[in-house]
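Visitor: I should like to understand the terms used for this structure. May I ask what lies behind each one as we go along?

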Amino acid sequence: MLQYTLTRLGQMVIVLLVVSVIVFGVMNLTGDPVLLLVPPEATDAEIAVAREQLGLNLPLWEQYQIFISNAIHGNMGVSYMFKRPALDLILERMPATLEMTIFAMIMAGVIAIPLGVYAGAYPDKMMSKVIMSASLLGISLPSFWLGIMLILVFAVELNIMPSSGRGEVTSFWGINLSILTVDGLQHITMPALTLAVGQMAMLIRLTRAGIMEVMRQDYIKFAKAKGMSAQRVLFGHALKNALIPVITVFGLQFGQMIAFATITETIFAWPGMGKLLIDSIYRVDRPVIVAYLMLVAMLFVVINFLVDVIYTLIDPRIEVK
Amino acid sequence: MKQQLLQAFFGSEGYHNFRHNRLAMMGAAILFLFLLTAFFGPLITPQDPYNLKELDLNNSFKPPVWESGDSRFLLGTDQQGRDLLSGMVYGVRISMLVGVLATVYSLVIGTILGLIAGYRGGWVDSVIMRIADVQLSFPGMLIALFIMVAFGRGIDKLIIALTLVGWVTYARTVRGSTLAERNKEYVDAARVCGFPSWVIMFRHILPNVLTPLIVIGTIQVGNFILTEATLSFLGVGVPISQPSLGLLLANGYQVLFSGLWWVSIFPGITLLLMVIGTNLLGDFLRDELNPRLK
Amino acid sequence: MSDYLLEVNDLKTWFHTFKGVVKAVDGVSFRLKRGEILGIVGESGGGKSITGFSILKLIDPPGQFDGGQILFEGEDLLKKSEQEMQKIRGNKISMIFQDPMTSLNPLYTIGQQIEETLRMHQSELSREARRAKAVELLRIVGIPSPELRIDSYPHQFSGGMRQRVIIAISLATSPALIIADEPTTALDVTVQAQIIKRLTELVREHNASLILITHDLALVSEVADEILVMYCGKVVESGTVADIVTRPAHPYTIGLLQSIPDMAGERKRLEQIPGMVPSPFALPPGCKFAPRCSRYQDICDQQEPTSVPVNNRHSVCCHFYVEGGQPSESDLT
């Protein structure tokens, strides 16, 4: 197990390095960042001075080295816009994003998995068909449009939900959480719902397919031959076998949700790092974009690793090499 | 021969199931309608939204015909006086173009790489799969976003970005199938007959691994349409001069809360319908072509 | 109360599919006494496995029972509800499946899977008593160090060992009847003999009855008391082992016997039955074996043969069955 972990850690580092090269390279090969930092009426001489000060006249390879060594020390550059370290900006907003994403994940899991199990176990019932139609809608909806519609209906027309922003926050072990207040819950519901719907739909289908496939296995028929009732077979055997791959996929979807959070945060003006990214894109605030991508890459790589480890622990067939 | 093929197709269980499956037929019908719109729409739209001379700012933000009474603009107009219906027809065109092309390119590239990886094995396989695995750990949307941010807006760039994101799924699937087929006897037989590798890969193995690709491809079109819409909404997708449905939605979003609802709602519904169409068809194909559910 | 533990009368299990009706089991009748071992033989697709599943009513749609009765301990199982069947399955009648690699749930230990049966049907047992019984069951089927291996997972066992586990599960409740569907087909040849031997020993010790479903006539002739020969969903011949093996009456049975390689005797050509098993959607009218039969005459196409007694317990379904068990020269080609 130790060896496996070390191998994976090594691989993770390589992946991050590759990503850093790609991000750095692409970001710096397109356009000239100097022009964004100097006032529009700067002379060529002033531009040259600025370029030198920022180290932008060095060969790309050296710039990359500086970038990497800075990054390892926690310095991901300074935001053009805010004049503050990019990393700080992102870390400040990370709890908001994580809070919404995790809330959405839990919402999705709690609603979707039971529905999916039902649809898989009783595929011919009317309720199952309703569930599947709903899930079809869920995966076909553009999530941003759903968000917009929710705001239109609940905030503007019916006026029962706040249309944007994060609600009241309370501090919980040093982190600001909004779900612990009623106002906070009101604010987080629609963004989380928007984020969750696509995942819910996917999860319902995945669970249903998993259950249906498992129910066709020999050991299920054998269980019936032992005298088990259909319900016991479902909960005692089929469920565990079907859910393990489902949960794995769901864990990996966390990364997807962080990506989609960028849109949700933009629509709902949720102060998370996704909104920061989009704003930075509009303002061409390169350091922030780069810092976000690196941080998020690290997050994904770690999540994938954790999910793999958990999977090897749950499934007794897998022996770690 | 052709007669036989047609007979086999229309007499098959699959086609029978299709005819009896109202949802699948609906999906196919929707897609067909949109394809028609994409091809022939511009010929029948009341207005050419790209022709600046036809636009009159006095027409901006007119509501749909049942509110405004102006029958020139059936579904209303946007902020520049552009007829929404015409804009939507062109938008459908662009969405379909991006979705279908990106899917086709991803499929071709992914299949080729997957075949090579699965058949050759060794370091080629390792390299290709490594890249695929690494890429898969990142959400496609983010990768596409990054590429579009770096290289700017544009339909061709969009298609390239989506292709770069999409090839992985096909490569993995085809590689898996190829690995399974490689050990079968007909491959040995072909080798013994002296066929070169690429012939074996493309003429012998490929037809046997196509089935899941059809399902993936169908659904991928819908996914790409959504991704394009999202990217365009964020302002990093199609250029302003060639509005897709996503861009129309973005424009509408800005004025939505002032009561000008139609600019957002109609493109949104259209987008929804398009993707529902691909998903319905994809679902049906998946259930039909999956041997394990028989 | 009759002497027969199981009486199957004119059982019809038909599958109503898109392409037509598949009469997998079409009018099958046989009787089984307590403590008897019955072998059901025939080619793949002949209906043997479906017969086995039918007894436990483990038939999924589009299959359904279109006729007949299955009398177990005097009661018709076909009339019983699902809940009633659940009390019988795994309890009074257990089943062994063909593929030991897939019959066990890979996520539970074998101990858990044995104890599951006990928990369902012998719930009066305490937890310790259950475990002790599970260990004991593993011991009698021949698993070494059962107290240790009881907590292992199925993938940690070989095929033969897994099949032993399944036999243990089937014996757990001391059932009156065990149905074994091709129990050794998926195993290595060397292991096959051991497993069958142990299974039949245990069956005799427990005074249970066994229905052994297989395509291997040689195997069944060594262990069974009576044999049923099936073809295309119908019983073509039934009788004691001696009857079937030494005095076969149906041309199909003769064909099967001839295709068994004879290791001891002089080397002769391995005979095969000409032709192929017909598609279930295009069964011949009249006798199903007619297209392949050397004794064929016109009436075979027109009229389905009915069961004719040859002997005390030996009967056959053929218009021109071989008398006295001495096939003529023409039968041997």
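Visitor: What is the mean pLDDT of chain A, and what does such a value express?

Guide: This is a predicted model, in which local features need pLDDT of at least 70 and side-chain atom pairs count only at pLDDT 80 or more, whereas totals for chains, interfaces and linings use all residues. The term pLDDT denotes the predictor's confidence in each residue, from 0 to 100. On that scale chain A has a mean of 83, and 93% of its residues reach 70 or more. Residues are numbered from 1 along each chain as its sequence is written, while chains are lettered from A and ligands numbered from 1 in the order in which they are written.

Visitor: Which elements of chain A have the lowest and the highest mean pLDDT?

Guide: The lowest mean, 64, belongs to helix α2 (residues 34-37) of chain A, and the highest, 91, to helix α9 (residues 218-225) of chain A. Where pLDDT is low, predicted coordinates should not be read in detail.

Visitor: What makes a stretch of chain count as a helix or a strand?

Guide: Both are DSSP runs numbered from the N terminus: a helix is a run of H or I with at least four residues, and a strand a run of E with at least two. By this rule chain A has 12 helices and 2 strands. Along the sequence, their pattern is α-α-α-α-α-α-α-β-β-α-α-α-α-α.

Visitor: How do you know which residues of chain A touch chain B?

Guide: Two residues are in contact if their C-beta atoms, placed from the backbone, lie within 7 Å. This contact takes 30 residues from chain A and 31 residues from chain B. On the side of chain A, α12(A) gives the largest share, 6 residues. Nonpolar means Ala, Val, Leu, Ile, Met, Phe, Trp, Tyr, Cys or Pro; charged means Asp, Glu, Lys or Arg; the others, Gly among them, are polar. That side of chain A accordingly has 24 nonpolar, 5 polar and 1 charged residues.

Visitor: Into which domains is chain C divided, and where do the bounds come from?

Guide: The bounds come from an automatic or database domain assignment. It gives domain 1 (4-92 + 175-325) and domain 2 (106-172) of chain C. Taken over C-alpha atoms, their centres are 30 Å apart. The two domains touch through 12 residues of domain 1 and 13 residues of domain 2. On the domain 1 side, helix α8 (residues 189-205) of chain C gives the largest share, 5 residues.

Visitor: Which strands make up the sheets of chain C, and in what order?

Guide: One open sheet has 4 strands in the order β2-β1-β4-β5 (chain C), with antiparallel pairing.

Guide: Another open sheet has 8 strands in the order β6-β7-β8-β3-β9-β10-β12-β11 (chain C), and its pairing is mixed. Its edge strands are β6 (93-96) and β11 (308-309) of chain C. Within it, β3 (residues 37-41) and β8 (residues 209-214) of chain C pair in the parallel sense over 5 bridges. C:L38 stands opposite C:I211 in β8(C).

Visitor: Why is α1(C) called largely enclosed?

Guide: A residue is buried if 20 or more other C-beta atoms lie within 10 Å of its own, exposed if 12 or fewer, and partly exposed in between, with C-beta atoms placed from the backbone. In α1(C), 8 of the 8 residues are buried, so the helix is largely enclosed by the rest of the structure. Among them are C:I50, C:F53 and C:I55. In chain A, 40% of the 321 residues count as buried.

Definitions and conventions: Pairing = 2+ DSSP bridges.
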